[in-house]
Amino acid sequence: ENGYNLWLRYMPIENGQLRQAYQHQLASIVVCNQSPTINAALKELINGINLMIGKVPNVSSITGNAAIDFKTNRLVLAKLDQPAIAAQFSTVELRQIGQEGYLIKTVRQNRVPQILIAANTDIGLLYGSFHLLKLMQTHQSLQALNIQQWPRLKLRILDHWDNLNGTVERGYAGYSLWNWQTLPGIIQKRYIDYARANASIGINGAVLNNVNASVKSLTKEYLIKTAALAKAFKPYGIKVYLTAKFSAPKELGHLKTADPLDPAVIKWWKDKVAEIYHYIPNFGGFLVKASSEGQPGPGDYGRTHADGANMMAAALKPYGGIVMWRTFVYENKKGADRAKQGYDEFKPLDGKFDENVLLQAKYGPIDFQPREAFNPLFGAMPHTHMMMEFQITQEYFGFATHLVYLGSLFQEYLRKDTYQKGPGTTIAKVLEERVNPGTDDNNRLTGIAGVANIGTDVNWCGHPFGQANWYAFGRFAWNPMASADSIAADWLKMTFTNDPGFVNPIKKLMLGSREVAVNYMTPLGLSHLMKFALHYGPGPWSKSAEVYHHADSVGIGLDRTVTGSDAVSQYAPALASKYSNLKTTPLNLILWFHHIGWDQKIATGETMWNSLVHYYYQGVKQVAAMQQIWQSMKGKIDEDRFNYVTQLLKQQHLEAKWWRNGCVLYFQQYSKRPLPKDCKEPGKAYWNYPTFKPDLPFPYHLDDQ
Ligand code: BDP
């Protein structure tokens with residue numbers, strides 16, 4: 001058992017009664033008309049049903065408007081343009097599902113129950129087929145189905161930070177999936193399995209290359225390779241996108257400038273886009289990182305982000321293409337609060353972006369930290385399409401070594417209330433654009449992106465539980481108000497076993513795991529304490545961390561109230577005043593917004609110093625508890641994955657101590673207070689105490705400290 005099959009394992013159903021019921025209900029399948037997408041659905045159904053119940057269903061297909069014989073066919077896949085199919089549903093049901101949704105219903109004709117999967121499009125039928133398979137994988141009854149599903153966001157995208165040389169920026173699961181050397185000739189099975197997995201959770205787009213882009217991906221040679229992937233993904237409803245380097249007109253076109261208002265530059269992009277669509281007719285568009293972390297951009301020519309984005313958008317528009325323009329911009333100016341910079345730069349541009357542009361903003365204003373305040377741009381740009389950027393790859397969460405279920409993080413941010421249109425203006429609503437009355441028009445662009453954690457590792461994600469984060473991202477992209485809890489349960493059942501003796505305790509473990517990592521890395525609203533550049537392990541002593549924690553002899557934390565950087569004023573007034581007052585600031589963000597004296601009592605009931613230390617110690621204890629729970633699962637799942645996770649948790653425990661010891665000892669230099677009595681003094685020998693050289697290797701002998 002190596003994890004390759006992800007959550008699409010289709011394990012045999014051992015419960016005899018259930019198996020028999022399924023055998024009866026799924027003895028035959030009829031499809032109306034055929035297409036590559038419908039064939040993909042059929043293939044998945046036949047394979048899945050056969051693996052789960054040991055019987056290949058009889059398959060027949062009907063073309064044109066031939067009537068379906070409801071007497072003998074048990075599972076029917078049909079489009080709603082057939083009146084006999086549409087007649088099975090109410091007008092509300094029919095209206096809701098749009099271009100990608102589906103309906104699954106048990107209908108009775110001549111007293112014979114039939115399962116009907118219906119949709120307006122082929123892709124809806126494929127999504128509906130995966131839903132039916134999920135019901136079986138999670139051992140649910142198929143007796144009286146009445147399911148209506150449709151995605152709340154239009155663009156549900158994986159961003160691959162893959163370089164053309166095969167490496168992956170912040171990727172911890174091997175090399176890039178895309179083998180550029182053998183493309184376009186060779187379409188690996190892995191590409192198809194990737195597309196199946198994505199379609200099973202409704203992901204409908206993939207940006208194939210790194211945001212720190214190489215112009216080479218826009219050359220004819222690479223466009224032809226990309227076209228082969230686009231063609232392979234098409235039956236699964238996945239469009240490909242590319243990152244576009246702003247200086248491409250100079251680097252590839254040999255122009256003197258990349259100024260977005262220069263006619264020669266405008267023409268260059270127009271021609272380039274025409275060439276792209278020539279090779280890739282269903283191309284999605286561009287993702288752009290511009291004037292950010294040294295990347296070229298409109299700022300180089302004194303132009304705004306809107307000037308840059310709109311120029312590219314105009315080239316894409318005739319083909320239905322879009323631009324996803326990132327808001328991740330900051331300069332390391334002395335004394336500047338990085339958390340404010342994205343908002344300061346983009347807020348004045350609200351309403352200035354063309355209709356096929358979306359701004360892609362990270363969930364927090366800094367950078368995918370274990371916990372940040374939410375990005376104040378959400379809700380503050382009512383006249384601009386905003387999309388969310390999550391990070392599925394665990395850049396700041398212990399890479400592919402730590403078990404951290406990000407479903408909890410996705411849920412936390414999507415449910416955050418921005419208060420921008422009064423209470424209840426959650427980020428989920430902002431993304432769905434249902435905030436402004438009259439703007440819930442079906443043509444508005446909405447979206448969400450996740451930086452992928454996928455690579456060539458046999459289990460795709462490095463850590464077996466990393467797969468849960470890919471899965472959860474897709475489920476939240478489909479429905480931002482989904483629940484991290486039920487997503488984890490589904491994933492566990494499909495990936496491991498339906499045994500509640502496993503699912504219940506491990507679901508609990510998963511749901512707590514993100515907070516555990518916050519506790520041993522950056523509790524109470526701290527951020528950016530990791531080792532500089534590598535982003536693995538503790539490094540609060542690095543210069544780049546000091547500007548985030550502001551520890552001194554008085555206390556710790558960054559004052560973002562009016563007496564400090566005043567970042568609070570970027571939030572809606574209700575939140576600004578909440579965050580300005582320590583008493584009303586959520587405990588888990590107090591050091592994000594306030595500089596707090598070491599001896600000050602905080603909401604934990606203890607002093608700042610003692611609380612901080614307790615959180616770090618708590619985090620380590622919690623990992624030990626996770627190890628114990630995992631050990632008690634022995635025998636409930638396959639040995640291979642059980643043993644692998646056992647090793648990973650052991651390593652996570654060592655590294656949690658590494659974080660705890662490094663951070664506690666470092667901050668103690670400022671607090672000059674003893675540890676609380678119940679916290680054993682961490683071993684210091686290894687730490688070159690008290691200078692904490694940032695290049696310390698991993699302390700393997702922490703085992704006994
Ligand atoms: C940071 C990563 C860096 C990315 C950057 C980005 O450390 O590798 O290029 O974000 O999002 O988190 O562009």
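Modeller: Let me begin with the residue classes: Ala, Val, Leu, Ile, Met, Phe, Trp, Tyr, Cys and Pro count as nonpolar, Asp, Glu, Lys and Arg as charged, and the others, Gly among them, as polar. By that sorting, the lining of the largest cavity has eight nonpolar, four polar and two charged residues. Please keep in mind that this is a predicted model.

Colleague: What makes a space a cavity here, and how many cavities of 30 Å³ or more are there?
Modeller: A cavity is a set of points where a 1.4 Å probe fits but cannot get out. With that rule, the count is six cavities of 30 Å³ or more. The largest cavity holds about 120 Å³ of space. It is lined by 14 residues, and Thr327, Phe328, Gly342, Pro365 and Asn375 are the closest to its centre.

Colleague: Which helix gives the most to the lining of the largest cavity?
Modeller: That is helix H11, residues 338-346, with four residues.

Colleague: Into which domains is the chain divided?
Modeller: Besides domain 2 and domain 3, there is domain 1 (16-149). The centres of domain 1 and domain 3, taken over C-alpha atoms, are separated by 51 Å.

Colleague: How do you know that strands S10 and S11 pair?
Modeller: Two strands pair if there are at least two bridges between them. Four bridges join S10 (residues 285-288) to S11 (residues 322-326), and the two run parallel, so by the cut-off they count as a pair. Within S11, Val323 is the residue that stands opposite Phe286. Both strands belong to a closed barrel of eight strands, S7-S8-S9-S10-S11-S12-S13-S14, with parallel pairing. From one strand to the next, the twist averages 25°.

Colleague: Which helix lies across S10, S11 and strand S12?
Modeller: Helix H10 (residues 305-316) does, running at about 160° to S11.

Colleague: Why are S2 and S6 said to stand at the edges?
Modeller: The open sheet has six strands in the order S2-S1-S3-S5-S4-S6, with mixed pairing. Strand S2 (58-62) and strand S6 (146-149) each have a single partner strand, so one side of each has no neighbour in the sheet. On average, neighbouring strands of this sheet are turned by 20° against each other, direction ignored.

Colleague: How many bridges join S3 to S5?
Modeller: Five bridges join S3 (residues 75-79) to S5 (residues 112-119), and these strands run parallel. Val76 faces Leu116 in S5. Helix H2 (residues 36-53) lies across strand S1 (28-32), S2 and S3, at about 175° to S1.

Colleague: Where is Thr219, and which residues does Thr219 touch?
Modeller: Thr219 sits in the loop between strand S8 (205-207) and helix H7 (220-233). Leaving aside residues up to four places away in sequence, Thr219 touches Leu252 and Lys272; contact means heavy atoms within 4.5 Å. The C-alpha atoms of Thr219 and Gln82 are separated by 44 Å.

Definitions and conventions. Residues numbered from 1 in each chain as written. Predicted model: local features only at pLDDT ≥ 70, side-chain atom pairs only at ≥ 80, totals over all residues. Heavy atoms only, no water. Axes fitted to C-alpha atoms, helices over the stretch in contact; angles between N-to-C directions. Domains from an automatic or database assignment. 1 Å grid on protein atoms, 1.4 Å probe; cavity = no way out; pocket = protein on both sides within 12 Å on 5 of 7 lines; lining within 4 Å. Points joined across faces, edges and corners; volume = space filled by probe spheres on them.
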